[in-house]
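Hi there,

Here is the structure I promised to pass on to you.

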Amino acid sequence: QQQQQQQQQQQVELEFRRPANQVAVRFLETGVAIAVKPGTPLRTLAQTAGASIQYSCNSGDCCVCEQKLLTNKSMNNPRFVRMCVGRVPKGNDQITIVSRGYNTDNNNNQIMINPPPPPTNQ
């Protein structure tokens, strides 16, 4: 019985890290983060993450799938990427994809730019 109490009192510490030479890609829309190698197609990641991104031309010409891309080096200076042809950029520890129609607050939480009006009680 004393041995059982000692086992219960032991603490377990876990450390979560991304694998070496990989980039953490976070989709704010779904809250999913995936660790991948640079050069991985963003469209594949978006589908895996369950992001609801619309596509049309699949060649990068129409801009329908364009999303905001934030890197750990350019959080205040985002760039836009066409998800159908874009790839995970090199030289970043993490990137965040912000869906069209959304923006981020100071804590990098996704907020809707034009939220729908509240329901009316009739």
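**The core and what surrounds it**

The largest nonpolar core has 19 residues, and the ones that touch the most other members are V25, F27, L42 and M83. Two or more residues of this core come from each of strand 1 (23-27), strand 2 (32-36), helix 2 (42-49) and strand 5 (94-98). Helix 2 gives the most, with 4 residues. As background, nonpolar side chains in soluble globular proteins tend to be buried together.

Apart from neighbours within four places in sequence, F27 is in contact with V32, L42, L45, A46, A49, A51, M83 and I97.

Now for the whole chain. The protein has 2 helices and 7 strands, which run α-β-β-α-β-β-β-β-β from the N terminus. It has 122 residues, and 30% of them count as buried. If you take contacts between residues at least 6 apart in sequence, 48% join residues at least 24 apart. The accessible surface comes to about 8,900 Å², with 43% of it belonging to carbon and sulfur atoms.

Please keep in mind that this is a predicted model. The average pLDDT is 79, and 66% of the residues score at least 70. Among the elements, helix 2 has the highest mean pLDDT (94), while strand 7 (residues 110-112) has the lowest (51). Over residues 112-117 the pLDDT is below 50, and this stretch has 5 contacts in the model beyond near neighbours in sequence. Where pLDDT is low, the predicted coordinates should not be read in detail.

Enjoy exploring!

Conventions
Residues numbered from 1 in each chain as written. Predicted model: local features only at pLDDT ≥ 70, side-chain atom pairs only at ≥ 80, totals over all residues. Heavy atoms only, no water. Buried < 20%, exposed > 50% of the residue type's maximum accessible area, 1.4 Å probe, protein only. Contact = heavy atoms within 4.5 Å. Areas by Shrake-Rupley, 256 points an atom, 1.4 Å probe, with all protein chains shown as cover. Core = buried A, V, L, I, M, F, W, Y, C linked by side-chain atoms within 4.5 Å. pLDDT = per-residue confidence, 0-100.
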